[in-house]
Amino acid sequence: MDAREPVSTPFNASSTAAEVLRGVDLTGVRAVVTGASSGIGVETARVLAGAGAEVTLAVRDTSAGDGVAEAIARSTGGIRPRVARLDLADGATVTRFAEAWGGPLHLLINNAGVVTGGLERTREGWELQFATNHLGHFALATGLHGALALGAADRDGARIVSVSSTAHMRSGVDFDDLHFEHRGYDPQLAYAQSKTANSLFAVEATRLWASDGIVANAVNPGGVATGLQRNFTARQKESLDAAEAAGVFTYKTVEQGAATSVVAATAPEFAHSGGHYLDDAREAYTVPDDADLAQHPHGVKEWALDPATAERLWTVSADLLRT
């Protein structure tokens, strides 16, 4: 395990995204927030726009996105966010989004996520949670690498925020069966695998792109009641209730849930430092892969930060997207 002291900030579990950005001027910053039509994505976009950033809401439902953009403009008095269609499970829309982007990009908040109650696949045959939560964001980030490099040169650094979850504690990445073609399908394990992948992405993106001025960090927003839970099965709901009862998490407000994303996106402590996993607005402590989730609800497992695994996942992901 890493013996160094985790990176801390002035913020904690009860901090809100607005508190993180109090007194911060983001004028001139261009930001993309995926999944910004509901949940913590809306609040993340709102506070960034309120601080002066030029925000693009990357969403599947542009009608819902337009409603959010209008509400943000009214509540902040700032520039109305731009709305663009992005379906992370549809590679063509990811490619179109990246190719249509012009000029620098300073912040990429890979916030969108999906939870399924049963096995669903993309047209390529990929398991939907892994395809959406990891592969779609991987394709988006690599497609926007040039824009992020321009942003880094423009403002002394660009950042990627990869939204992970405590769920990563339940599973590493099964390279022998990424898409559940041979093992029985468990939607909770599939989600967990995708969230571990989100963290590993931040590790390898930082290794590859730090020389371009780009760093990436993974974040756990904590337990927040959002639309993400709408497809939960009875078993998934029972598991969530049991985890809450065991003290694995305490529900946060949407405003508190968005805070850790905003810390990773804007706090000076992470301006040039990447490959970390943040929890409660600061870097989490690392625990062994066999650690019990109930005993370490604010930890990050070694398998989610392992450089060799991160490099392998990057190679496998790139190969999948080329097929």
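The following is a conversation about a predicted model.

Biologist: What makes the sheet an open one, and which strands are at its edges?

Modeller: The 8 strands come in the order β3-β2-β1-β4-β5-β6-β7-β8, with mixed pairing. The edge strands are β3 (82-85) and β8 (282-283), and each of them pairs on one side only.

Biologist: How do you know that β1 and β2 pair?

Modeller: Two strands count as paired if at least two bridges are found between them. Strand β1 (residues 30-34) and strand β2 (residues 54-59) have 5 bridges, in the parallel sense, so they meet that definition. Within this pair, Val-32 stands opposite Thr-56 in β2.

Biologist: Which strands does helix α3 touch?

Modeller: Helix α3 (residues 62-76) packs on the sheet and touches β2 and β3, with its direction at about 165 degrees to that of β3.

Biologist: Why are the buried residues of α3 said to line one face?

Modeller: The buried residues are Gly-65, Val-68, Ala-69, Ile-72 and Ala-73. Seen down the helix axis, they fall within an arc of 135 degrees, so they line one face of α3. They pack against α2 (39-50), β2 and β3. The face turned away from that buried side carries Ser-63 and Arg-74, which are exposed.

Biologist: Why is Phe-180 called buried?

Modeller: Buried means under 20% relative accessible area. Phe-180 has 4% relative accessibility, so it counts as buried. Its place is in the loop between β5 and α7.

Biologist: Why is Asp-280 called buried too?

Modeller: Its relative accessible area is 15%, so Asp-280 is buried by that cut-off of 20%. Asp-280 is found in the loop between β7 (277-279) and β8.

Biologist: What makes the phi of these two residues worth a remark?

Modeller: Most residues other than glycine have a negative phi. Phe-180 has a positive phi of about 55 degrees although it is not a glycine, and Asp-280 has a positive phi of about 55 degrees as well.

Biologist: Which residues have the most contacts inside the largest nonpolar core?

Modeller: That core has 49 residues, and those with the most contacts inside it are Phe-97, Leu-105, Leu-108, Leu-144 and Ile-160. A second, separate core of 39 residues includes Val-29, Ile-72, Ile-109 and Ala-267.

Definitions and conventions. Residues numbered from 1 in each chain as written. Predicted model: local features only at pLDDT ≥ 70, side-chain atom pairs only at ≥ 80, totals over all residues. Heavy atoms only, no water. Helix = DSSP H or I, 4+ residues; strand = E, 2+ residues; numbered from the N terminus. Contact = heavy atoms within 4.5 Å. Axes fitted to C-alpha atoms, helices over the stretch in contact; angles between N-to-C directions. Core = buried A, V, L, I, M, F, W, Y, C linked by side-chain atoms within 4.5 Å. Buried < 20%, exposed > 50% of the residue type's maximum accessible area, 1.4 Å probe, protein only. Arc of directions from axis to C-beta.
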